[in-house]
Amino acid sequence: MHIQHEYGLYSVDADWSAGLFRPLFRWRIEENFPIVVTFHSVYSELGKERKTFLDIIQRVINAGIVHEYHQWLALHVNLGRIIDNFYIIPHGAKENVSFSREDAKRALGLEGKKIIGMIGWFTPTKGFHRVINMWDSISKKTGSDTYLILAGEAREDEEVQKEYKRKLLSLVEKCKNKDKIKVIIKNFSPEEYEKVVASFDVAVLPYTFISQSGTLAHSFSLGVPAVASSLEGLKAEIEASGGGILVPPDDNEELRKAIVTLIKDDTLREKLSQKALRYVKEKIGWSIVAKKHIKLYEKLIREKKSLKDLKKEATL
C-alpha cells in the first residue's frame, strides 16, 4: 500500500495525523503487505509535533519517500539517528504534454497577452500578497499587454487560508491596475489546473516557507519558466534544471526585477522554457519516476517478513 501524506489530509482536531498509526501498524503486521508513505512536508527544522510524528511513523512503515535530498538529510538531523528506510524520488511531472499556450490564453479571454501567473492553495507562506503589492509597479514597466493571474482557493476547513484569501482579494481591489489582474477562484481538477498553468508565460513562486513544490514541477512540464524564492526544494530544482530565476526570499525588489526581466525578455523566456522541458524529459518525467517507484516496490516485496518470520528471528 502506498499513501501520499500531507498533514492537512489526515489531521483531525490538530492530532498531526496520529490517527494513521493504528491502521498502518495493523496493515503491516496483520495484512502482511509492505507500507510505503510519500511525505510532502519535511522541512530542515521540524517542530516538536512533526518530529514526534515522523519518529513514530518511520518505525511503523516499510519505506518512506521524500522528493528532495535536503528533506532526506533533515530526517537524520532532526531525529538524531540514522534512517535506513527512506528514499529520494522526485515529485515527477508529465512528459511530452501537448498544449497550445495561445489556446489556453484564449480560453481565459487573454489571447495575445503576456501572463504572469500564481496558482495554488491560498496559504500565507506562498507569498502571493508580495506580487499583488508590487503589481502597479510591475504593470507600469511591462506595459498594457501584460496581465497577472491569481488562481486558487482556500480549503474549506482552513480558517487561516480563508482569511488569507480575503486579504488577497482586498489587495487586488486596492491596485490601480486591477483591470490587469484576472482572479480565478476555484478548486481545480487536474485538467483545469493544467489549462490555467499552460496560459502562463512566467510562473511566480514568491514563497517564504516551503520544502518542495508540485506547482514548479507542473510548470516545467508545460515549459513555463519560473521566478522562485531561493528556498530549499525550489532552489535545488531551479539550479538542477536551469528553468528559472532564483531570488532571495525576503527581497521584494529583487523579486520585482526578476519578474519584469523575464516577462520582457522573450529570448530568455524561451531559453529557460526549453531547459525546463528538457529537465522533465531527462530527470523528473513520470515514466522515470514510475520506474523508481516500481524498483522500490519490488525491493520491499522481496524483503517482506510476516509476523511468523519476525517471531522466528526473535526466538534465540
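Two strands count as paired here if DSSP finds at least two bridges between them. Strands (E, at least two residues) and helices (H or I, at least four) are DSSP runs, numbered from the N terminus. With that settled, alanine 203 has alanine 226 in strand 9 as its bridge partner.

This is a predicted model, so local features need pLDDT of at least 70 and side-chain atom pairs count only at pLDDT 80 or more, while totals for chains, interfaces and linings use all residues. Residues are numbered from 1 along each chain as its sequence is written, and side-chain values use heavy atoms, with hydrogens and water left out.

- Over at strand 7, five bridges tie it in parallel to strand 6 (residues 146–153), and alanine 151 has isoleucine 184 in strand 7 as its bridge partner.

**Around strand 9**

- Strand 9 (residues 226–229) is covered on both faces, with Ala226 and Ala228 buried on one side and Val227 and Ser229 buried on the other (buried is under 20% relative accessible area, exposed over 50%, partly exposed in between, using a 1.4 Å probe and protein chains only).
- As a general point, side chains in a regular strand alternate between the two faces of the sheet.
- Strand 8 (residues 202–205) runs parallel to strand 9, and three bridges join the two.
- Strand 10 (residues 244–247) also runs parallel to strand 9, this time with four bridges, and serine 229 stands opposite valine 247 in strand 10.
- The chain goes from strand 9 through helix 11 to strand 10 in a right-handed β-α-β crossover (right-handed if, with the strands pointing away from the viewer, the path from the first strand over the helix to the second runs clockwise).
- Strand 8, helix 10 and strand 9 likewise make a right-handed β-α-β unit.

- Four strands form an open sheet in the order 1-2-3-4, and the pairing is parallel.
- Strand 1 and strand 4 (86–88) are the edges, each with a single partner strand, so one side of each has no neighbour in the sheet.
- Neighbouring strands of this sheet are turned against each other by 25° on average, direction ignored.
- Strand 2 (residues 36–39) and strand 3 (residues 63–66) pair in parallel over three bridges, with threonine 38 opposite isoleucine 65 in strand 3.
- Histidine 5 belongs to strand 1 (residues 2–5), and histidine 5 is buried at a relative accessible area of 2%.
- The C-alpha atoms of histidine 5 and isoleucine 294 are separated by 19 Å, with the two residues 289 apart along the chain.

**The cavity**

- There's one cavity of 30 Å³ or more (on a 1 Å grid over the protein atoms alone, a set of points where a 1.4 Å probe fits but cannot get out; lining residues have an atom within 4 Å of a point).
- The largest cavity holds about 90 Å³ of space (the volume filled by probe spheres set on the points, which are joined across faces, edges and corners).
- Its lining has 13 residues, with Glu68, His91, Ser213, Ala217 and Glu237 nearest the centre.
- Helix 10 (214–221) and helix 11 (232–241) each supply at least two lining residues, and helix 11 gives the most, with three.
- By class, the lining has five nonpolar, six polar and two charged residues (Ala, Val, Leu, Ile, Met, Phe, Trp, Tyr, Cys and Pro count as nonpolar, Asp, Glu, Lys and Arg as charged, and the others, Gly among them, as polar).

Technical notes. 1 Å grid on protein atoms, 1.4 Å probe; cavity = no way out; pocket = protein on both sides within 12 Å on 5 of 7 lines; lining within 4 Å. Axes fitted to C-alpha atoms, helices over the stretch in contact; angles between N-to-C directions.
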